[in-house]
Amino acid sequence: MMKSFIQGMPKAELHVHIEGTLEPELRLRFAARNGIELPYQTADALAASYDYNDLASFLALYFDGLKVLRTERDFFELTYAYLQRVHAQNVVYAEMHFDPQAHTSRGIAFDSVINGIRGAQDEARQELGLRSRLILGLLRDMSAESAMDALEQSLAYRDWIVGVGLDSDEKGNPPVKFRDVFERARAEGYNLTMHCDHLQDNSVEHIRQCLDVIGVDRIDHGYHALDDAALLEDVRRRQVCLTFCTTSPPSNPAPRRANELKSALEHGLNVTVNTDDPAYMRGYYLNEVLLNTQQAVGLSREQLTQLARNAFRSAWITREERGEFMAALDAYVGGT
Ligand code: ADE
Ligand code: ZN
């Protein structure tokens, strides 16, 4: 019953890395096409090799996986596969991070990356009616100069990108390291978000910097906002969207941070549920992550609806789009 309610609900995803949707089958196909040797020859063997126990070991897999992406066609097929899959789950809108520095540092042109992704977005809009937008993900373990370069390269595609985010390894790389880059991004008219991941050092301080120094519009993850009463109250009062990812690592199907999600809802925070890197997180896309979370902590229909509402409310879309999505959600909830 909850399963069909979740499946049928019109939903938005605000936190997914397109490179993190690289399923083992696609990775094998791109590797073969590009003449790249992989250590495993079947999708099952590749999937079985995906194990990690912290952000650093996850990122090692993620950056290794994306090396098979070389051509515009690869980026097109990667993105179209993701959009097709989530369309089948009644996702009506997706905001996708992409990490250009992870590609330009391997000699792949920024243009190939973004043209491939954009081609798939256009085709999904036409063929499936699915709308999506792009977030420029900057790698925080690289220098601020490198981030500024990537930002400047993005300006040729200003209309194709709706916001700027900060991802990769948070340890020793606080939000303030990128103060100038994000100030410039704001001046260029981009929306701003940053990862404040889980189990990182100085999490409360990083969320504070996001709010008070950077002036972000959203925070990716941000679970540790619950750790500090004053911060919690500030996040609640400002209704900053937190894009929680109650995903599961390969070694354990239990959703991470499900209790925090329920608590955030009960505190009236503007929280959403997202999939982050589904190909590395058991292949669970939005419906599976939502159902798994619902089952773990017993979310009500009202709470599930609130999650969808929060996502449409916090998406970087036009007033008209927001009105349309909210009306579709209201009609769905009213009719079920
Ligand atoms: N890049 C891709 N996925 C990420 C995550 N969950 N945290 C930080 N950087 C990432
Ligand atoms: Zn992420």
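**Reading helices and loops**

Author: Arg 257 is found in the loop that joins β7 (241-244) to α12. In these labels, helices (H or I, at least four residues) and strands (E, at least two) are DSSP runs, numbered from the N terminus. The model is predicted: local features need pLDDT of at least 70 and side-chain atom pairs pLDDT 80 or more, while totals for chains, interfaces and linings use all residues. Residues are numbered from 1 along each chain as its sequence is written, chains are lettered from A and ligands numbered from 1 in the order in which they are written, and side-chain values use heavy atoms, with hydrogens and water left out.

Reader: What is the phi of Arg 257, and is Arg 257 buried or exposed?

Author: The phi of Arg 257 is near 65 degrees, which is a positive value in a residue other than glycine. Burial is read from the relative accessible area: buried means under 20%, exposed over 50%, and partly exposed in between, with a 1.4 Å probe and protein chains only. Arg 257 has a relative accessible area of 17% and is therefore buried.

Reader: Where is Asp 276 placed, and what is the phi there?

Author: Asp 276 belongs to the loop between β8 (271-273) and α13. Its phi, near 65 degrees, is again positive in a residue other than glycine. With a relative accessibility of 7%, Asp 276 counts as buried.

Reader: Which residues of α2 and α5 make the contact?

Author: From α2 come Leu 26, Arg 29, Phe 30, Arg 33 and Asn 34, and from α5 come Arg 73, Asp 74, Glu 77, Leu 78 and Ala 81; contact means heavy atoms within 4.5 Å. Sorted by class, this contact of α2 with α5 holds four nonpolar, one polar and five charged residues (Ala, Val, Leu, Ile, Met, Phe, Trp, Tyr, Cys and Pro count as nonpolar, Asp, Glu, Lys and Arg as charged, and the others, Gly among them, as polar).

Reader: Thr 79 is also in α5. Is Thr 79 buried or exposed?

Author: Thr 79 has 0% relative accessibility and counts as buried. Residues up to four places away in sequence aside, Thr 79 touches Ile 18, Met 96, Ile 117 and Ala 120.

Reader: Which residues of α9 are buried?

Author: In helix α9 (residues 179-187), the buried residues are Val 181, Phe 182 and Ala 185. Viewed down the axis of α9, these buried residues fall within an arc of 90 degrees, so they line one face of the helix; the arc is that of the directions from the helix axis to the C-beta atoms. On the other side of α9, Asp 180, Glu 183 and Ala 187 are exposed. The cover over the buried residues of α9 includes β3 (131-139), α8 (144-154), β4 (161-167), β5 (191-196) and α10 (203-214). After α9 comes Gly 189, with a positive phi near 95 degrees.

Reader: At roughly what angle do the axes of α8 and α9 cross?

Author: The axes of α8 and α9 cross at roughly 15 degrees and come within 9 Å. The two helices α8 and α9 are therefore roughly parallel to each other. Ala 144, Ala 147, Met 148, Leu 151 and Glu 152 of α8 make the contact with Asp 180, Val 181, Arg 184 and Ala 185 of α9. By class, this contact of α8 with α9 has six nonpolar, no polar and three charged residues.

Reader: Finally, where is Gln 294 placed, and what is Gln 294 in contact with?

Author: Gln 294 is in helix α13 (residues 286-297). Its relative accessible area is 9%, and Gln 294 is therefore buried. Apart from its neighbours within four places in sequence, Gln 294 is in contact with Met 2, Ile 6, Leu 299 and Leu 304.

How values were computed: Axes are lines fitted to C-alpha atoms, for helices over the stretch in contact, and angles run from 0 to 180 degrees between N-to-C directions. Angles under 35 degrees count as roughly parallel, over 145 as roughly antiparallel, 65 to 115 as roughly perpendicular and the rest as oblique.
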